[in-house]
Amino acid sequence: MRAARLMSLVLLLQGRGGMTAAELARELEVSERTVHRDVLALAEAGVPVYADRGRGGGYRLLDGYRTRLTGLDRAEAEALFLSGVPAALREMGLQDVAATARLKATAALSPGLRDAPATAAQRFHLDAPGWFAGDAPPPAALSALARAVWNDRRVRARYKDRLRTLEPYGLVLKGGAWYLAARLGSRFLIFRVHRFGEVDVLAETFDREPGFDLAAFWAERSAEFSRSLLRAEITLRLSERGRRMLRHVADPAALADALASLGPDGTVRLAVESLEVAFSQVLRFGPEAEVLEPPELRAMAAEAAARTAALYQR
């Protein structure tokens, strides 16, 4: 533990040029007294670290000194590519590995480029969880599944009260919810992580399919799932303004087919999840859409229009 902290201290000084004891203590999450002891230990070990006295002083490395401890190991290299998703790293238990990787990468940069990570972080941020997620804890099985994914280990897990042996290929964070892409037998499936019970990471590894592309697999299955929800179809006649609104009202999975069906008179066929969902979509069009089919939805829209008109006639 102390060896890792000493290495981090050297990398911080190498990457930033100089830091006060208070700044180092904050970064390393230790006391300033511990920082002073660590600096003495480094000096005794031959690392040319010295203190600048006076106002604005702090600790620095001798000009030109470069540590050779900047090489990334495999876990750090992999975690580095997730650095832009801090919430995901934290929930998978990889934040410490990623922090060390960032320090090593920063220390390896030439002096003129060392402000690049901070510059990028000030300008771009990826907020993956959905709105109103609060401080809900991550799924209990997430850490074990992440460990299995990193190491290509099979898992024996309980999912929906059934015990299964899976080959976990990848994790996806979508709208604040975690999903596992895994192979069960010869099939690749999607599992919701919060539905897992106990997860046992096995010692045996598996060989990944060489052509498996997690992003492409997720995009395909997401599209299939979205289309599977569209179990009904309605017919509308849209005004000119209603046609422009269509992109904002239709379900994304139904939009392409709806635009293809749009006639010169504004008639459009729209796939919907249910009549209840369709009713809410029709209300968003307001007077810019007339329901033609089915009759039940037309009656619902007519009643809503009459009630609305009555409100404004008072």
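1. The side chains of Glu290 and Arg298 meet in a salt bridge, at 3.0 Å from N to O; the term is used for a side-chain nitrogen of Lys or Arg within 4 Å of a carboxyl oxygen of Asp or Glu. Glu290 is partly exposed, with a relative accessible area of 33%, and Arg298 is also partly exposed, at 38%. Here buried means under 20% relative accessible area, exposed means over 50%, and partly exposed lies in between (1.4 Å probe, protein chains only).

2. This is a predicted model, in which local features need pLDDT of at least 70 and side-chain atom pairs count only at pLDDT 80 or more, while totals for chains, interfaces and linings use all residues. Residues are numbered from 1 along each chain as its sequence is written, and side-chain values use heavy atoms, with hydrogens and water left out.

3. The protein has 13 helices and 10 strands, taken as DSSP runs (helices H or I, at least four residues; strands E, at least two) and numbered from the N terminus. Of its 314 residues, 35% are buried. The accessible surface is about 19,400 Å², and 53% of that belongs to carbon and sulfur atoms; areas come from the Shrake-Rupley method with a 1.4 Å probe, and for residues only the protein chains shown count as cover. Among contacts (heavy atoms within 4.5 Å) with a separation of 6 or more, 60% are between residues 24 or more positions apart.

4. The salt bridges number 11 by the rule above. One of them joins Arg154 and Glu167, at 2.8 Å from N to O. The pair links distant parts of the chain, with Arg154 in strand 3 (residues 153-159) and Glu167 in strand 4 (residues 162-174), 13 residues apart. Arg154 is partly exposed at 22% relative accessible area, whereas Glu167 counts as buried at 10%.

5. Another salt bridge is formed by Glu240 and Arg243, whose closest N and O atoms are 3.8 Å apart. Both residues lie in helix 10 (residues 240-249), 3 residues apart, or about one turn of the helix. Arg243 is partly exposed, at 25%.

6. Three strands form an open antiparallel sheet in the order 9-8-10; strands count as paired if DSSP finds at least two bridges between them. Strand 9 (267-272) and strand 10 (289-293) are the edges, each with a single partner strand, so one side of each has no neighbour in the sheet. Neighbouring strands are turned by 35 degrees against each other on average, direction ignored. Strand 8 (residues 232-238) pairs with strand 9 over 6 bridges, and Glu233 stands opposite Ala271 in strand 9.

7. Helix 12 (residues 275-285) lies across strands 8, 9 and 10, at about 15 degrees to strand 8. Axes are lines fitted to C-alpha atoms, for helices over the stretch in contact, and angles run from 0 to 180 degrees between N-to-C directions.

8. The largest nonpolar core has 21 residues, of which Ile234, Leu236, Leu238, Leu246, Leu270, Val282 and Phe285 touch the most other members. A nonpolar core is a set of buried Ala, Val, Leu, Ile, Met, Phe, Trp, Tyr and Cys residues joined through side-chain atoms within 4.5 Å. Elements supplying at least two residues each include strand 8, helix 11 (252-261) and helix 13 (295-313). Beyond neighbours within four places in sequence, Phe285 contacts Leu236, Leu238, Gly242, Met245, Leu246 and Val249. A second, separate core of 18 residues includes Ala146, Ala148, Val149 and Trp178.
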